There are 2 protein chains.
Amino acid sequence: MERAILEGVIGLLEEGVPLAELSIERIARTAGVGKATIYRRWSGKEELFVDVIRAAEPPEPELPGTSMRDDLLVLLENLRQRGLASRSSALLHNVHAQMKSNPKIWAAYHENVIAPRRALVLDVLRRGQLNGELRPDVDVELANDLFVGPVLVRSVLRPDADLPAGLAEDIVDTVMAGLRPVSSTVSQH
Amino acid sequence: MERAILEGVIGLLEEGVPLAELSIERIARTAGVGKATIYRRWSGKEELFVDVIRAAEPPEPELPGTSMRDDLLVLLENLRQRGLASRSSALLHNVHAQMKSNPKIWAAYHENVIAPRRALVLDVLRRGQLNGELRPDVDVELANDLFVGPVLVRSVLRPDADLPAGLAEDIVDTVMAGLRPVSSTVSQH
């Protein structure tokens with residue numbers, strides 16, 4: 001039932017119906033259910049849309065939990081896949097753009113999708129500090145931005161930029177090793 | 001004369017006139033000049049707007065040229081100042097948002113402002129590889145994204161994120177040193 005409703009909405013969006021014109025009534029009619037059925041599952045249009053976008057995006061990854069590096073590779077590779085999906089899917093591209101001009105839907109997406117994803121990275125980094133993989137003096141918020149920043153910049157701000165296979169590994173290993181020539185790693189500023 | 005025209009446009013934008021309604025004719029009338037005067041200096045509305053935005057933004061920085069680190073600090077601090085300006089100036093915030101929905105103005109801004117700024121960072125990084133500050137095996141495009149990514153992500157994608165004084169230095173020194181605990185910098189993956 002839930003799946004049929006979400007797929008009905010995806011179908012309407014694929015036909016080019018703008019988010020703003022998608023009422024709960026129209027969604028109910030398309031899915032062949034009553035409005036009450038939709039309100040039993042979702043409190044409103046915003047929550048429903050967040051689930052629609054989730055259904056259209058690559059699924060959230062499972063973390064291997066074997067090391068901080070392994071977890072980061074999976075998280076960044078998932079972010080890269082989302083970037084690729086948003087480029088290749090007219091639906092996702094379209095919905096992301098429309099979402100940004102609708103503050104309520106954007107807030108719901110941020111709260112239900114982006115914030116938990118960010119919290120997951122911060123958890124992985126804190127575990128890395130506990131097990132000795134990550135320098136204990138590094139601010140995890142800054143470390144988060146060093147890892148995810150390059151993927152987000154390429155996915156969202158420079159849609160013509162390369163998102164090559166291997167990007168996740170390049171970023172993680174380069175950030176971990178640092179950019180200083182190896183012979184000078186002992187000298188500090 | 002040029003300054004008077006740019007300030008006239010800034011005045012109109014501050015009054016809330018949308019970009020789309022700003023014709024060359026209206027701009028000429030506001031500045032008290034003929035349309036020909038404007039066309040002698042700018043080939044069209046797009047080029048004029050790029051200069052308007054430049055006039056409203058913090059100026060491009062002068063590089064000290066004393067080291068890659070010094071140059072990067074100045075470039076990232078300038079990017080942070082732009083982020084702060086875009087948050088505090090309703091005009092800039094507004095114009096940035098409108099620009100993105102106007103592909104011709106966005107393309108002109110990208111070509112005349114963003115692309116040269118990016119080229120400048122890449123030059124600084126290449127000089128760093130030549131003088132031994134930057135590991136020669138690092139892809140300068142990736143290094144660019146590691147340095148500017150965190151500032152851009154906070155400025156553009158997370159408008160509620162911190163842009164503290166000292167951020168530029170934190171980013172540069174953390175990326176240069178790497179995130180691995182010091183005792184394990186000799187072991188490589």
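Hi everyone, and thanks for coming. Please keep in mind throughout that we are looking at a predicted model. I'll begin with one chain, then look inside that chain, and then bring in its partner.

Let's take chain A on its own. What does its secondary structure come to? Chain A has 9 helices and 0 strands. As for dimensions, the C-alpha trace of chain A spans about 70 × 35 × 25 Å along its principal axes.

Now, how is chain A divided? Domain 1 covers 2-55, and domain 2 covers 59-178. Their C-alpha centres lie 28 Å apart. Where the two domains touch, domain 1 of chain A brings 11 residues and domain 2 of chain A brings 12 residues.

Let me stay at that contact for a moment. Between them, domain 1 and domain 2 of chain A bury about 1,100 Å², and carbon and sulfur atoms give 77% of that area. Which residues of domain 1 lose the most area to domain 2? They are A:Leu19, A:Glu46 and A:Ile53, and together these account for 49% of what the domain 1 side buries.

What about charged pairs and polar pairs here? Across this interface between the domains of chain A, the rule finds 0 salt bridges. The count of polar contacts between domain 1 and domain 2 of chain A is 1 residue pair, with both residues at pLDDT 80 or more. On the domain 1 side, the elements giving two or more residues are helix H1 (2-14) and helix H4 (45-56) of chain A. H4(A) gives the most, with 5 residues. By residue type, that side of domain 1 divides into 8 nonpolar, no polar and 3 charged.

A quick look at the annotations. An unreviewed UniProt entry places the feature "domain: HTH tetR-type" at residues 1-60 of chain A. In the model, residues 1-60 of chain A are 67% helix and 0% strand, with end C-alpha atoms 22 Å apart. UniProt, again in an unreviewed entry, also places a "DNA-binding region" at residues 23-42 of chain A. That span is 75% helix and 0% strand, and its end C-alpha atoms lie 13 Å apart.

Next, a link within chain A that I'd like you to find on screen. A:Arg69 forms a salt bridge with A:Asp173, and their closest N and O atoms are 2.8 Å apart. This pair joins distant parts of the chain: A:Arg69 sits in helix H5 (residues 68-88) and A:Asp173 in helix H9 (residues 167-177), 104 residues apart. Over all chains, the count comes to 36 salt bridges.

Time to bring in the partner.

Across the interface of chain B and chain A, the rule finds 4 salt bridges. In one salt bridge, the side chains of B:Asp145 and A:Arg158 meet at 3.3 Å, N to O. The count of polar contacts between chain B and chain A is 14 residue pairs, both residues being at pLDDT 80 or more.

I'll finish with one residue, A:Leu152, which lies in helix H8 (residues 140-157) of chain A. What does A:Leu152 touch, leaving aside its neighbours within four places in sequence? In chain A it is in contact with A:Leu79 and A:Leu157, and in chain B with B:Val153 and B:Leu157. For a sense of distance, A:Leu152 and A:Arg29 are 37 Å apart in space, C-alpha to C-alpha, and 123 residues apart in sequence.

Notes
Residues are numbered from 1 along each chain as its sequence is written. Chains are lettered from A and ligands numbered from 1 in the order in which they are written. Side-chain values use heavy atoms; hydrogens and water are left out. Domain bounds come from an automatic or database domain assignment. Contact means heavy atoms within 4.5 Å. Buried area is the accessible area (1.4 Å probe) that two parts lose on being put together, summed over both. A polar contact is a pair of N or O atoms within 3.5 Å; within protein, one must be able to donate a hydrogen and the other to accept it, and residues adjacent in sequence count only if both atoms are side-chain atoms. Helices (H or I, at least four residues) and strands (E, at least two) are DSSP runs, numbered from the N terminus. Ala, Val, Leu, Ile, Met, Phe, Trp, Tyr, Cys and Pro count as nonpolar, Asp, Glu, Lys and Arg as charged, and the others, Gly among them, as polar. UniProt positions are given in the numbering used here, feature names are shortened, and annotations may be inferred rather than shown by experiment.
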